[in-house]
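Here's a quick briefing to read alongside the model. Have the sequence and the 3D view open as you go.

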Amino acid sequence: MLATRTTASLFVLALAAASAAQVSFDIQPRVLALDETATATLTVSGLANAPAPGLPQLNGFQVTSSGSQRSFSFGTGGQGATVAYTYSLTPTAVGTFTIG
């Protein structure tokens, strides 16, 4: 079986417009075969109206948006919002790729 190794760094982006916002990125699984698909999740917390991001073209992968999920919380500690955008990453070549 041909294998594609994908190494993804967990990284946090700074949003200039919203200093309270937090952004995280994760890919699972991190190692996959050529005929498998990984799921990338970009999560934005603390920003209710987070714009839908577009992932850049990733060499060695076909990237397809899989949708988003929004959640809101209200309580005595205040309110919060989280948006998770998901993408399917299908390898188009064998090799080791670093994302992030």
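Below are some notes on confidence, an aromatic pair and one threonine.

This is a predicted model, in which local features need pLDDT of at least 70, side-chain atom pairs count only at pLDDT 80 or more, and totals for chains, interfaces and linings use all residues. Residues are numbered from 1 along each chain as its sequence is written, and side-chain values use heavy atoms, with hydrogens and water left out.

**Confidence**
- The protein chain has a mean pLDDT (the predictor's confidence in each residue, from 0 to 100) of 78, and 80% of its residues reach 70 or more.
- Strands here are DSSP runs of E, at least two residues, numbered from the N terminus; confidence is lowest in strand β1 (residues 3–8), with a mean of 36, and highest in β4, at 93.

**The aromatic pair**
- Rings of Phe, Tyr and Trp (its six-membered ring) pair if their centres lie within 6.5 Å, with planes under 30 degrees apart counted as stacked, over 60 as edge-to-face and the rest as tilted.
- That rule gives one aromatic pair: Phe61 and Phe97, edge-to-face, at 5.3 Å centre to centre with 70° between the planes.
- The pair links distant parts of the chain, with Phe61 in strand β5 (residues 61–75) and Phe97 in strand β7 (residues 96–99), 36 residues apart.

**Thr43**
- Thr43 sits in strand β4 (residues 38–45) and counts as buried because its relative accessibility is 19%.
- Leaving aside neighbours within four places in sequence, Thr43 is in contact (heavy atoms within 4.5 Å) with Gln22, Val23, Ser24, Thr82, Val83 and Ala84.

Conventions
Helix = DSSP H or I, 4+ residues; strand = E, 2+ residues; numbered from the N terminus. Buried < 20%, exposed > 50% of the residue type's maximum accessible area, 1.4 Å probe, protein only.
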